[in-house]
Amino acid sequence: MAMFDKHKASKESSPAAPEPREAPPPQSASAAPAGSPDKVAMIGRGISISGDVTADSNLRIEGVIEGRSVQSSHDVEIAESGRVVAGITAKVVMISGEVTGDISGSEKVMIARSGRVQGNVVAPRVQLEDGALFRGSIDMNPAAEAKPAASKPSALDPGGKSKAESPQVSETAMGGPRKDSGLSLKSG
Amino acid sequence: MSETALKLETAPGPLRSGPVVAQLPSKLFAAMIKQADAERRLTVLEIGTALAETVDFFSRFHCRLHFCDLYSESFVHAQADLSQDELRQGFEAQFRFPSGTSFDLCLFWDFLSYLDDPALRAFNSALRPWLHRGTQAHGFGVHHLAISLENIQYGVKDEETLTVRKRQTAQMRAHPHSQIEMHDMLDCFKFERGLLMPDGKLEMLLKSTLANSRP
């Protein structure tokens, strides 16, 4: 069972932990790609998760995740307030917050100017914005970029086209299968 | 998480890179890149901060970039108080690369001129296991020992142009070495080419003296 608490201090005494929720429709390009109808699961600001996170949808992290892995078959965005201490595997990974762990993007990894990363990055394309802090190694393979990496467009890639997806059934931290945006949590 | 991620105990410092203040033509960086086999996966070591333009430049290659910002390491700042053995251990702790790593290109920039004699020997010793006979390196030395080094960092704009930014951390004490001293203390490299620069610096293209082939 994942520990899934809003405030670390009240972790023990809070039986009704907040659930991951779907983000509201994108307000701007920084929150999610404009005009994208894609489902986005969100770990909101103030939420702290100890454990692994798996998402079948795009994932936006504004809170804190500490575990071994954060995985998505789509895109992962770590917002400025977000902090991840875990490996991240996704199609596109965009980091405006803080990450300690290895990052693998099958299409692209982008570290924004407010981003702080320490770990190893593997992706066909890696972009560092001016001002980004990075410590570790970057493994790039431009040849792989030419290959058709994915049939579905990327939500976080500004060049990608969006496509709506059906919600998926997955196991959640609360134990039961539920119809949501495709987020599952596993205790670390 | 890999060992590399775990061994990094401290998060990157709060100081971000300043703006580009100058561009520097570089014939020897271009020469090094031209000699590199672009068809092969390149493994690159940069002694410095990861800058946007450098990552962008190397993104055209099939390569692995390792950024090792030794300028911010406390043991480097305290080099005068440490023995050569302690300094070697300090560098070795920073050079715990994945097994099988062997660098094709090393980017030293001004770093060698910030190491005193024991530190330069320790750096040489710690780096040696990660080199092969085809390793090339680029860096700057000095032509005049009286030169004062600017507190700057470099990036790569294109094959023939480097970018220059003011380093946001405190200026380290410089220890400029003559070419003969450098050759003596950094003996895993030999001078391939040198180019005098107008500001008294010496742009250097170095080549490995080691006999081991690339793994």
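1. B:Trp109 lies in strand E4 of chain B, which covers residues 103-109. In this predicted model, the residue has a positive phi of about 50°, although it is not a glycine. Most residues other than glycine have a negative phi. B:Trp109 counts as buried because it has 20 C-beta neighbours inside 10 Å, and 20 or more is the cut-off for that class.

2. The mean pLDDT of chain A is 72, and 56% of its residues reach 70 or more. Over residues 1-20 of chain A, pLDDT stays under 50, and the model has 34 contacts beyond four places in sequence for this stretch. Residues 145-180 of chain A also have a pLDDT below 50, with 74 contacts in the model beyond near neighbours in sequence. Where pLDDT is low, the predicted coordinates should not be read in detail.

3. The two chains touch. Chain B contributes 23 residues to the contact and chain A contributes 26 residues. On the side of chain B that touches chain A, the elements giving two or more residues are helix H1 (3-7), helix H3 (52-58) and strand E3 (63-67) of chain B. The largest share of that side, 5 residues, comes from E3(B). By class, the side of chain B that touches chain A holds 13 nonpolar, 6 polar and 4 charged residues.

4. Strand pairing also links the chains. Strand E13 of chain A (residues 133-140) is joined to E3(B) by 5 bridges, and the two strands run antiparallel. Within this pairing, A:Gly136 stands opposite B:Phe67 in E3(B).

5. The largest nonpolar core has 91 residues, and those with the most contacts inside it are A:Ile65, A:Ile88, A:Val93 and A:Ile95. Strand E8 of chain A (residues 83-95) gives the most to this core, with 8 residues. Which residues does A:Val93 touch, not counting those up to four places away in sequence? They are A:Val76, A:Ile88, A:Ile103, A:Gly105 and A:Val109. In soluble globular proteins, nonpolar side chains tend to be buried together.

6. Chain B has an open sheet of 3 strands in the order E1-E7-E6, with antiparallel pairing. Its edge strands are strand E1 (20-25) and strand E6 (152-158) of chain B, each of which pairs on one side only. From one strand to the next, the twist averages 30°. E6(B) is joined by 6 bridges to strand E7 of chain B (residues 161-166), and these strands run antiparallel. B:Gln153 stands opposite B:Arg165 in E7(B).

Notes: Residues are numbered from 1 along each chain as its sequence is written. Chains are lettered from A and ligands numbered from 1 in the order in which they are written. This is a predicted model: local features need pLDDT of at least 70, side-chain atom pairs count only at pLDDT 80 or more; totals for chains, interfaces and linings use all residues. Two residues are in contact if their C-beta atoms, placed from the backbone, lie within 7 Å. Helices (H or I, at least four residues) and strands (E, at least two) are DSSP runs, numbered from the N terminus. Ala, Val, Leu, Ile, Met, Phe, Trp, Tyr, Cys and Pro count as nonpolar, Asp, Glu, Lys and Arg as charged, and the others, Gly among them, as polar. Two strands pair if DSSP finds at least two bridges between them. A nonpolar core is a set of buried Ala, Val, Leu, Ile, Met, Phe, Trp, Tyr and Cys residues joined through C-beta atoms within 7 Å. A residue is buried if 20 or more other C-beta atoms lie within 10 Å of its own, exposed if 12 or fewer, and partly exposed in between; C-beta atoms are placed from the backbone. pLDDT is the predictor's confidence in each residue, from 0 to 100. Axes are lines fitted to C-alpha atoms, for helices over the stretch in contact, and angles run from 0 to 180 degrees between N-to-C directions.
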